[in-house]
Amino acid sequence: MKLICMHCSKPFEGENTKFCSQGCRDSHIVALERKIREIVENDTTHVKKFSQGY
């Protein structure tokens, strides 16, 4: 079955996987972590909410 990689958008053969290689999987995770860091970097309210138990 042809699938499309979530990271590089290349078609590949496989079943029940979202990435064509381990490298694409790792790169996708790094990109997500970077986006999350950028989003919360200047947002002090998330820290206040966590510290107050929300």
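Student: In which helix is I39 found?

Tutor: I39 is found in helix α1, where a helix is a DSSP run of H or I with at least four residues, a strand is a run of E with at least two, and both are numbered from the N terminus. The model is predicted, so that local features need pLDDT of at least 70 and side-chain atom pairs count only at pLDDT 80 or more, while totals for chains, interfaces and linings use all residues. Residues are numbered from 1 along each chain as its sequence is written, and side-chain values use heavy atoms, with hydrogens and water left out.

Student: Why does I39 count as exposed?

Tutor: I39 has 62% relative accessibility, and exposed means over 50% relative accessible area, buried under 20% and partly exposed in between (1.4 Å probe, protein chains only), so I39 counts as exposed. I39 also forms a nonpolar surface patch with I36 and V40, with about 280 Å² of accessible area together.

Student: Which residues form the largest nonpolar core?

Tutor: The largest nonpolar core has five residues, namely L3, C5, F12, F19 and C24; such a core is a set of buried Ala, Val, Leu, Ile, Met, Phe, Trp, Tyr and Cys residues joined through side-chain atoms within 4.5 Å.

Student: How do you know that F19 and L3 are buried?

Tutor: F19 has a relative accessible area of 15%, and so is buried; L3, at 18%, is therefore buried as well. F19 lies in the loop between β2 and α1, whereas L3 is found in strand β1. F19 and C5 are 14 residues apart in sequence, yet their C-alpha atoms are 4.5 Å apart in space. Not counting residues up to four places away in sequence, F19 touches several residues, including C5, F12, C24 and H28. With neighbours within four places in sequence left aside, the contacts of L3 include P11, F12 and T17.

Student: What makes E13 and K2 a salt bridge?

Tutor: Their side chains meet at 3.9 Å, N to O, and a salt bridge is a side-chain nitrogen of Lys or Arg within 4 Å of a carboxyl oxygen of Asp or Glu, so the E13 and K2 pair is a salt bridge. Because E13 lies in strand β2 and K2 in strand β1 (residues 2-4), the pair ties together parts that are 11 residues apart in sequence. E13 counts as exposed at 55% relative accessibility, and K2 counts as exposed at 56%.

Student: How many salt bridges does the structure hold?

Tutor: The structure holds two salt bridges, one of which joins the side chains of R25 and D26 at 3.6 Å, N to O. R25 is partly exposed, with a relative accessible area of 37%, and D26 is partly exposed at 36%.

Student: Where in the chain is confidence lowest, and where is it highest?

Tutor: Confidence is lowest in helix α2 (residues 45-51), at a mean of 65, and highest in strand β2 (residues 11-13), at 93, given as pLDDT, the predictor's confidence in each residue from 0 to 100. The mean pLDDT of the chain is 84, and 81% of its residues reach 70 or more. Where pLDDT is low, the predicted coordinates should not be read in detail.

Technical notes:
Patch = residues over 30% accessible without salt bridge, like charges linked within 9 Å, V, L, I, M, F, W, Y side chains within 5 Å. Areas by Shrake-Rupley, 256 points an atom, 1.4 Å probe, with all protein chains shown as cover. Contact = heavy atoms within 4.5 Å.
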